[in-house]
Amino acid sequence: MEQYIIKGGKALQGNVKISGSKNAAKGNVLIKNVIPKHLEAISAKLIEIGVNVTEFDNSIHISVDGQLKHANVKTLPYPGFTTDFQPQITTLLAISLGNSTVTETIFESRFGYVKYLTCMGANIKVENGTTAIIDGVQKLTGAQVCALDLRAGVAMIIAGLVADGYTTIRQIDYIERGYEGIVNKLCSLGANIDKIPLNDKRAIQKFNWLQRFTPKIP
């Protein structure tokens with residue numbers, strides 16, 4: 001069994017790219033080999049919360065140069081906002097200014113991951129199992145969490161990257177089944193992530209030691 005360990009912090013906020021699709025907190029990313037039209041609902045919501053989105057023929061440029069803002073999101077069948085990105089947008093709204101809601105209309109019991117976000121400092125309440133009411137906070141704090149499924153696992157990675165301190169994610173098999181080489185892709189953007197054996201204290205100590213000599217991204 002293995003787990004991810006992530007070193008977060010403000011220098012890394014937003015250097016997040018999710019397997020050929022997109023989601024960003026604060027950063028500057030060009031995502032290639034996508035069909036922007038297929039992502040219009042996601043792009044529109046990201047623009048609403050303060051992300052700069054520029055679409056090209058087969059790529060999308062994303063950047064953020066200010067505080068993310070609140071929004072209301074409802075999952076719908078295509079071409080609406082896809083339920084596959086519900087956990088990720090909820091994580092972004094957890095660190096956005098103001099009060100937001102995320103309503104899940106496609107599947108039941110899709111907010112199980114929220115308990116881990118609240119452990120990291122998010123202020124989220126789930127009503128009737130279908131709507132997350134979010135009061136944005138300035139920061140999250142690293143914690144030990146689990147990937148309950150593929151999408152929730154990616155949300156935990158995003159949360160770990162924008163959090164202060166260290167986050168460990170268990171049950172990473174869910175993530176790796178759906179996102180090939182995700183650790184290498186994120187590390188190429190400046191993320192500090194490593195995959196280590198479960199409960200391997202020596203590996204954790206080595207990771208912590210290496211971070212002392214890792215150049216910070218300006």
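Proline 87 lies in helix H2, where helices (H or I, at least four residues) and strands (E, at least two) are DSSP runs numbered from the N terminus. The model is predicted, so local features need pLDDT of at least 70 and side-chain atom pairs count only at pLDDT 80 or more, while totals for chains, interfaces and linings use all residues. Residues are numbered from 1 along each chain as its sequence is written, and side-chain values use heavy atoms, with hydrogens and water left out. The secondary structure of the protein chain comes to 7 helices and 11 strands.

**Overall burial and contacts**

- Of the 218 residues in the protein chain, 48% are buried, a term that means under 20% relative accessible area, with exposed being over 50% and partly exposed in between (1.4 Å probe, protein chains only).
- Among contacts in the protein chain between residues at least 6 apart in sequence, 66% join residues at least 24 apart, where contact means heavy atoms within 4.5 Å.

**The largest nonpolar core**

- The largest nonpolar core holds 60 residues, and Tyr4, Ile157, Ile169 and Ile193 touch the most other members; such a core is a set of buried Ala, Val, Leu, Ile, Met, Phe, Trp, Tyr and Cys residues joined through side-chain atoms within 4.5 Å.
- Helix H4, which spans residues 150-162, gives the most to this core, with 10 residues.
- In soluble globular proteins, nonpolar side chains tend to be buried together.

- Proline 87 and methionine 156 are 69 residues apart in sequence, yet their C-alpha atoms are 8.8 Å apart in space.
- The axes of H2 and H4 come within 8 Å and cross at roughly 25 degrees, the axes being lines fitted to C-alpha atoms, for helices over the stretch in contact, with angles that run from 0 to 180 degrees between N-to-C directions.
- The two helices H2 and H4 are therefore roughly parallel to each other, given that angles under 35 degrees count as roughly parallel, over 145 as roughly antiparallel, 65 to 115 as roughly perpendicular and the rest as oblique.
- On the H2 side the contact is made by Pro87, Gln88, Thr91 and Leu92, and on the H4 side by Arg151, Ala152, Val154, Ala155, Ile158 and Ala159.

**Buried loop residues**

- Alanine 122 is found in the loop between helix H3 (114-119) and strand S7 (123-127), and at 9% relative accessibility this alanine counts as buried.
- Not counting residues up to four places away in sequence, alanine 122 touches Ala94, Leu117, Val137 and Leu140.
- Alanine 122 and threonine 91 are 31 residues apart in sequence and, C-alpha to C-alpha, 8.5 Å apart in space.
- Threonine 83 is found in the loop between S5 and H2 and counts as buried at 7% relative accessibility; not counting residues up to four places away in sequence, threonine 83 touches Thr75, Glu104, Ile106, Phe107 and Arg110.

**Backbone features in loops**

- A cis peptide bond, with omega about 15 degrees, joins tyrosine 78 and proline 79, and proline 79 lies in the loop between strand S5 (72-74) and H2.
- Serine 109, in the loop between strand S6 (99-103) and H3, has a phi near 55 degrees, which is a positive value in a residue other than glycine; serine 109 is exposed, with a relative accessible area of 68%.
- Asparagine 128, in the loop between S7 and strand S8 (131-135), has a positive phi of about 60 degrees although it is not a glycine, and at 77% relative accessibility asparagine 128 counts as exposed.

**Cysteines**

- A search of the whole structure finds 0 disulfides, a disulfide being a pair of cysteine sulfur atoms within 2.5 Å.
- Cysteine 119 counts as exposed at 58% relative accessibility, whereas cysteine 187, at 30% relative accessibility, counts as partly exposed.
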